[in-house]
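This report goes through selected local features of one structure, from single residues to the ligand site and the backbone.

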Amino acid sequence: MPKTLIEPFRIKSVEPIRMTTRSERERLLAAANLNVFKLHAEDVLIDWLTDSGTGAMSSKQWAAIMEGDESYAGARSFYRLEAVLKELTGMRYFVPTHQGRAAEKVLFTAACKKGDIVPNNCHFDTTRANLEVLGVEALDMVIAEGTQPATIHPFKGNIDLGRVQMLLETKGDHVPFGMITVTNNTGGGQPVSMANIRAYAALLKRYHKPFIMDVCRFAENAMFIKLREPEFAQTSIRDIVKEMFSYADGATMSAKKDGMVNIGGFIVLRSDEWMDAVRNTLILTEGFPTYGGMAGRDLEAMAVGLEEALQEDYLRYRLRTAEYLGERLESAGIGFVKPTGGHAVYIDAKTVLPNMPVAHYPAWALCNALYLEGGIRGVEIGSVMFGKRLADGTETFHNMELVRLAFPRRMYTQSHFDYAAEVIAEVKEKANEIRGVRIVKQAPYLRHFSCDCEWV
Ligand SMILES: *Cc1c(COP(=O)(O)O)cnc(C)c1O
């Protein structure tokens, strides 16, 4: 067998990339006030800002788009997607939402009240925000290895069951349900093992608590289980996914991830306990329960996408892509979160810019350098995103300075990754020429999206 793992698809429709020169990019970045979020996407060569809703749909999905039934109530497209989800999740109740955060908002409004506490491996930022806005405490209880970038562990997304048990023992009355996020996005796209899911489910059952999963990357997680959990080496992805869902009482999903679509989400539930409240909030904020904020055609594309996400050749190529870039970075002496997760590589900017003070935002500086050097757009996960300027003008800093390169699904080929590896290595060679930044204008919340910067 040849060792080269090929992209398991051919290209039927292409979208040209606009080439830019370095001097053009210098001008464009300056016009964007040194904030890559403010660049026009057309001015980016390789856009690795996010894997959310940015992937390529298949010819089958585009064909399904034409089958969309846009009826307000009871559309055929709803029932088609419902059938796929029933088969996959074994759950009886399903409502579509326009994306993942809407699913969270609708479910949490139905199932939580002020003063509640919800444990998770790591809550994604929208999950946390949707809980906190209801006065619910969102607790991250990932295992210790999950917070150590350089520690190798096959399932760094696992939840620390000792801590969950302690919570259930001491404050169980305030816990409406337990959550787990597969894969653990906030923790670097790291997987959760089936053993951990089983044990967590059993623990919650002993305390009579429902188990809710955030399943945005359920298929990538299943592939990691197949590759790393010996019991599942011969099990099909579909059966791994079905077993995983068999332990859950409900799930929220952003279909912009493993739903393989550009927009969409859903809630599935095993019992109808929360369904009246779910339908009521859904009608108030999303739409009638058979479309929930989505067009019929988008429901069709999701029904096809959910099946395509289970294809093993695709998943093998998907996980290998991140691993491959990791290997290239390793040989260039660049640090990153290990092992690589499913959807992204997180570069440790401090290994590229060891001498830059955090006050000059090294991860932000590296993001800018990747754009200037090669037109690559990543996202800073460091002190611009998580630090704060306090009332007295002093700054707080994040404990890590990471640049996340997140890969849209089925979009970039190996030569794009080879190019990126070259650009990153080049940037490291020229590290002493890279300048840090100062923030000159910022919003009180989520400042990274809109802040203006200047060179130090
Ligand atoms: C993207 C994401 C969400 C939110 O989904 P949106 O579609 O962006 O609203 C929730 N949880 C996880 C783990 C995610 O990755």
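At a relative accessibility of 22%, Leu139 counts as partly exposed. The model is a predicted one. The cut-off for buried is under 20% relative accessible area, and exposed begins over 50%, so the 22% of Leu139 falls in the class between. Leu139 belongs to strand E4, which covers residues 137-140.

Apart from neighbours within four places in sequence, Leu139 is in contact with Ile117, Val118, Pro119, Asn120, His123 and Leu167. The C-alpha atom of Leu139 is 9.8 Å from that of Met179, a residue 40 positions away along the chain.

## Ligand site

The ligand is surrounded by 15 residues, and the closest are Arg101, Asp214, Arg217, Ser254 and Lys257. By class, this shell holds 2 nonpolar, 7 polar and 6 charged residues. Helix H4 (100-111) and helix H5 (125-132) each contribute at least two residues to the shell. The largest share, 3 residues, comes from H4.

A polar side-chain atom of Asp214 is 2.7 Å from a ligand nitrogen atom. For Arg217, an N or O atom of the side chain lies 2.8 Å from an oxygen atom of the ligand. For Gln99, the corresponding distance from a side-chain N or O atom to a ligand oxygen is 3.0 Å. Taken alone, the ligand exposes 380 Å², of which the protein buries 98%.

## Thr252 in strand E7

Thr252 is located in strand E7. The relative accessible area of Thr252 is 1%, so this residue is buried. Not counting residues up to four places away in sequence, Thr252 touches Ala103, Glu104, Leu107, Met179, Met213, Asp214, Val215, Cys216 and Phe266.

## Helix H9

Which residues of helix H9 are buried? Helix H9 spans residues 237-246, and Ile237, Ile240, Val241, Met244 and Phe245 are its buried residues. Seen down the axis of H9, these residues fall within an arc of 130 degrees, so they line one face of the helix. An α-helix has 3.6 residues a turn, so residues three or four places apart point the same way.

The buried residues of H9 pack against several elements. The helices are H3 (76-89), H7 (194-206), H8 (218-228) and H12 (312-331). The strands are E6 (211-214) and E7 (250-254). Strand E7 is also where Thr252 is placed.

## Ser58 and Glu308

Ser58 sits in the loop between strand E1 (46-47) and helix H2 (59-65). With a relative accessibility of 13%, Ser58 counts as buried. The side chains of Ser58 and Glu308 are joined by a polar contact of 2.7 Å. Leaving aside neighbours within four places in sequence, the contacts of Ser58 are Glu308 and Arg410.

## Backbone geometry

Where are cis peptide bonds found? One joins Val182 and Thr183, with omega about -20 degrees. Thr183 lies in the loop between strand E5 (178-181) and H7. Another cis peptide bond joins Lys338 and Pro339, and there omega is about -15 degrees. Pro339 is in the loop between H12 and strand E9 (344-348).

Positive phi values occur at Leu34, where phi is near 60 degrees, and at Met260, where phi is about 60 degrees. Leu34 is in the loop between helix H1 (22-31) and E1, and Met260 is in the loop between E7 and strand E8 (265-269). Leu34 is buried, at a relative accessible area of 4%. Met260 counts as buried too, at 6% relative accessibility.

Notes:
Residues are numbered from 1 along each chain as its sequence is written. This is a predicted model: local features need pLDDT of at least 70, side-chain atom pairs count only at pLDDT 80 or more; totals for chains, interfaces and linings use all residues. Side-chain values use heavy atoms; hydrogens and water are left out. Buried means under 20% relative accessible area, exposed over 50%, partly exposed in between (1.4 Å probe, protein chains only). Helices (H or I, at least four residues) and strands (E, at least two) are DSSP runs, numbered from the N terminus. The arc is that of the directions from the helix axis to the C-beta atoms. Contact means heavy atoms within 4.5 Å. A residue is near a molecule or strand if one of its heavy atoms lies within 4 Å of it. A polar contact is a pair of N or O atoms within 3.5 Å; within protein, one must be able to donate a hydrogen and the other to accept it, and residues adjacent in sequence count only if both atoms are side-chain atoms. Accessible areas come from the Shrake-Rupley method with a 1.4 Å probe; for residues, only the protein chains shown count as cover. Ala, Val, Leu, Ile, Met, Phe, Trp, Tyr, Cys and Pro count as nonpolar, Asp, Glu, Lys and Arg as charged, and the others, Gly among them, as polar.
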